[in-house]
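Good morning, and thank you for coming. I would like to take you through one structure today, so please have the sequence and the coordinates open.

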Amino acid sequence: MRVLKRLGAYARNTWRTLTSMGTALALLFLLALAAIPGALVPQRSLNAGKVDEYLAEHPTIGPWLDRVQAFDVFSSFWFTAIYALLFISLVGCLTPRLAEHVRSMRATPVAAPRNLARLPKHQTLVAAGDVDAVAAGVQERLKGWRHTTRRLGDDGEIAEVSAEKGYLREFGNIVFHFSLLALLISIAVGKLFGYEGNVIVVANGGPGFCSASPAAFDSFRAGNTVDGTSLNPICLRVNDFDADYLPSGQALSFAANVDYQAGDDLTADTWRPYRLEVNHPLRLGGDRLYLQGHGYAPTFTVTFPDGRTRTQTVQWRPDDPITLLSSGVIRVDPPAGTYPDAGERRKNQIAIQGLFAPTEQLDGKLLSSSFPALRDPAVAIDVYRGDTGLDTGRPQSLFTLDPRLIEQKRLNKQARVNLKAGQSTRLNDGTVIRFDGAAPFINVQVSHDPAQIWVLVSAMTMMAGLLVSLVVRRRRIWVRVSPASPGTVEVELGGLARTDNSGWGDEFEKLTARLVPSANEAGVSERR
Amino acid sequence: MNGPHIDVGLARYSDLAFTSTIIVLVIALLLLAVELAYSGSRRADARELVTANGSTVAADSGTPGVVVDVPKRLVDERIGRAGLALVYVGTAMLLVCIVLRGLATSRVPWGNMYEFINLTCFCGLVAAAVTLRRPKFRALWAFVLLPVLILLAVSGKWLYSNAAPVMPALQSYWLPIHVSVVSLGSGVFLVAGVASMLFLAKMSPLGDPGRPGRLAAVIARLPDAQTLDRIAYRTTIFGFPIFGFGVIFGAIWAEEAWGRYWGWDPKETVAFIAWVVYAAYLHARSTAGWRDRKAAYINVVGFVAMVFNLFFINLVVTGLHSYAGVG
């Protein structure tokens, strides 16, 4: 029993500490502090490649940083712990305040202290008229205030008006904090039920892609509840892609003309056109399609010794974001029947690996690119024959050959050449490799976040609440009207600024002049 | 977009206005510093003299022809007033520089770091001109001009970029909204940060009245601690929602341009940190035991976060906001 009591006391104390202002402040600080590594250390969620680079460069400290989740700050246990505690502290702080606010909204303004002269602002006036008339006049002029009148004295000959305003301040404050909670919840819901996928589509009017399953994407980031079975189907094909550049190579505009199908259009097989641009995503119901990047997909035609050809266009990775010098690989399977059996065929696959420049610039034989537009496309390639790795059962990189295949002599270099568009090279067995040119590709992102609109709504109500709580000021005044010499009354006013008392002096004087317009000043006192 | 037109002539005039701004503000700073360093204690007496004379005129208004010699203003005060006038001239020049950039490029003139810093400094100067409009605050101007001039010098020397159109990601109607609101918030926070730093100086042993030493003498000439604290608080509560809106507008734009409203990009992260720090400041102001110095320290930390976000994040860390036209 005693243990229970003690536990109860302990829990109560913990709760009180957690919901105190000091703790909230400390947690806010911790939150700011904890976010700092998120800005300074490379983050996996933003750029996994940079994290690997960092780990390679810092072999001692890197693994330790990884162990404390410094590369995944915003999903780390400690960041989560801080904001979860802040969340609890907020709820614990706000719930009683909400109840208190509701009570105060219902309550009548409090009775005046006995000695109004002890208030920060005080004034005594003499006015003509009787108590009832002056008190009624004061009440009438208290527009926008909550007020009540009490009768005091033995026969109720004294009227006392209590007035208060600025209730909206606390209301705004509570709205702000609850909206903050709503914002966090909306973000969490979006993270649970949302998904994001990227796919590269060559802009040559080709087949495009349909977002019916995660398999259709090159990369796919799903919320915890998304298993990929109920994606919103959208089909897209890209007819062309335009990019304008300044002579300096700085980009001016990117735009892709696409056709899309969604909803009923899928069954009716109607395509609708859209001009997909940066800053102009295609919004379809709850999904958004973005133009996120672009590059080039070179086309090669391989003519095998028996005269049959295979043509392939494969996206290469832009290595230089300014000049779009790209690198990649193309793997070509010989047509069936060119070689007598599957084993022989596998030994005669062709792989082309190298660099692509949209505008050729040669330094001796070294290829680089001088401009990002497709002015004078050229490639510098190594041509291999052998096992390209497609039949190894291992996943192969889209942009590089597996070096182990080359080390093991299963893939052998046949030639190293520079080719301009239309040029070709002949291997020793008569195979001809021709570089046909290149087509641009675009990187399309499909995003789905059902709670996004609620994030916006919460953010807006949050700001509205904040503005109200910063602009509205809480004021209390009391007016005591008591009979003086016949025909006149003594009016005593006292005022209190409950928040932000700068400028309250002038405000009080103006208020006094307004409330009792027909008065002679009997004495002003001010306490600082 | 068909062929961007850059008016090179206007761009050159804009650059000229920028150089003039710096020169004018440097002179203004010197004049204000002279006043701050050399004004004697005589000023208080001089003030009373003026009022005494003034009331004499008012009382004798019935009698015509009474000419009262208004005593000449003290030299240091005149220097200070000249300095303040130059501050206004410099602010106007900076506005000219910004407007001409916009006209030269036919877009809003805040598309790279150089232009953004110019706009932020302009907002800071305007915020200071509004907050410090009373003559007794003139002593604070030197401390506002100092960071503004450092920012402008860094911007002109290292971050300058030629007038040019902006990259596709910035071609949005959100560019004028997001960047200008963030600039305004940053400029207001600059005034708040300076006020809090001066408040801390005033509260430190250096601010003790009667302490000998040049620095102590300068600090003694600042407005009292309570006034400085009030300036810091009022500018912060003005800047806080503005900066908050700036971040939210940024998020709305990010949803349109980058495919997500928030992605912990370094700039977003530090903006979040700064916002949390300023929120902590506001909470500290209403927590017993935190009101004075601790709150002021928090405000200074917020200001440091803003400056860090401006320079370090844009210039050193690579992120989506690395459009600075540098590096």
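In which loop of chain A is A:Asp269 found? A:Asp269 sits in the loop between helix 8 (264–268) and strand 9 (272–277) of chain A. Helices here are DSSP runs of H or I with at least four residues, strands are runs of E with at least two, and both are numbered from the N terminus.

Before I go on, two remarks on the source. This is a predicted model, in which local features need pLDDT of at least 70 and side-chain atom pairs count only at pLDDT 80 or more, while totals for chains, interfaces and linings use all residues. Residues are numbered from 1 along each chain as its sequence is written, and chains are lettered from A and ligands numbered from 1 in the order in which they are written.

Let me return to A:Asp269. Its phi is positive, about 55°, although A:Asp269 is not a glycine. Most residues other than glycine have a negative phi. A:Asp269 counts as exposed because it has 8 C-beta neighbours inside 10 Å. The cut-offs are these: with C-beta atoms placed from the backbone, a residue is buried if 20 or more other C-beta atoms lie within 10 Å of its own, exposed if 12 or fewer, and partly exposed in between.

B:Trp264 lies in the loop between helix 8 and helix 9 of chain B, and is partly exposed, with 19 other C-beta atoms within 10 Å.

I turn now to chain B as a whole. How many helices and strands does chain B have? There are 10 helices and zero strands. Of the 327 residues in chain B, 45% are buried. Taking contacts in chain B between residues at least 6 apart in sequence, 82% join residues at least 24 apart; a contact means that two C-beta atoms, placed from the backbone, lie within 7 Å.

The largest nonpolar core has 105 residues, and B:Leu145 and B:Val277 have the most contacts inside it. Helix 6 (residues 174–203) of chain B gives the most to this core, with 14 residues. Such a core is a set of buried Ala, Val, Leu, Ile, Met, Phe, Trp, Tyr and Cys residues joined through C-beta atoms within 7 Å. Beyond its neighbours within four places in sequence, B:Leu145 touches B:Leu25, B:Ala28, B:Leu29, B:Leu32 and B:Val87. Another core, of 54 residues, lies apart from the largest one, and among its members are A:Ala251, A:Ala351, A:Val379 and A:Tyr384.

Two helix pairs deserve attention. In chain B, helix 4 (residues 113–131) and helix 5 (residues 138–158) pack at an angle of about 165°, with their axes 9 Å apart. Axes are lines fitted to C-alpha atoms, for helices over the stretch in contact, and angles run from 0 to 180 degrees between N-to-C directions. Helix 4 of chain B is therefore roughly antiparallel to helix 5 of chain B, a term for angles over 145 degrees. By class, their contact has 10 nonpolar, three polar and no charged residues. Here Ala, Val, Leu, Ile, Met, Phe, Trp, Tyr, Cys and Pro count as nonpolar, Asp, Glu, Lys and Arg as charged, and the others, Gly among them, as polar.

In chain A, the axes of helix 7 (residues 167–193) and helix 11 (residues 452–471) come within 7 Å and cross at roughly 160°. Helix 7 and helix 11 of chain A are therefore roughly antiparallel to each other. Their contact has 15 nonpolar, 10 polar and one charged residues.

How many residues does each chain bring to the contact between chain B and chain A? Chain B brings 37 residues and chain A 39 residues. On the side of chain B, the elements that give two or more residues are helix 8 (225–257) and helix 9 (266–285). Helix 9 of chain B supplies the largest share of that side, 11 residues. By class, the side of chain B that touches chain A has 26 nonpolar, seven polar and four charged residues.

B:Gly102 is partly exposed, with 19 other C-beta atoms within 10 Å. Its contacts, neighbours within four places in sequence aside, are B:Arg107, B:Val108 and B:Pro109.

Notes. Parallel < 35°, antiparallel > 145°, perpendicular 65-115°, else oblique.
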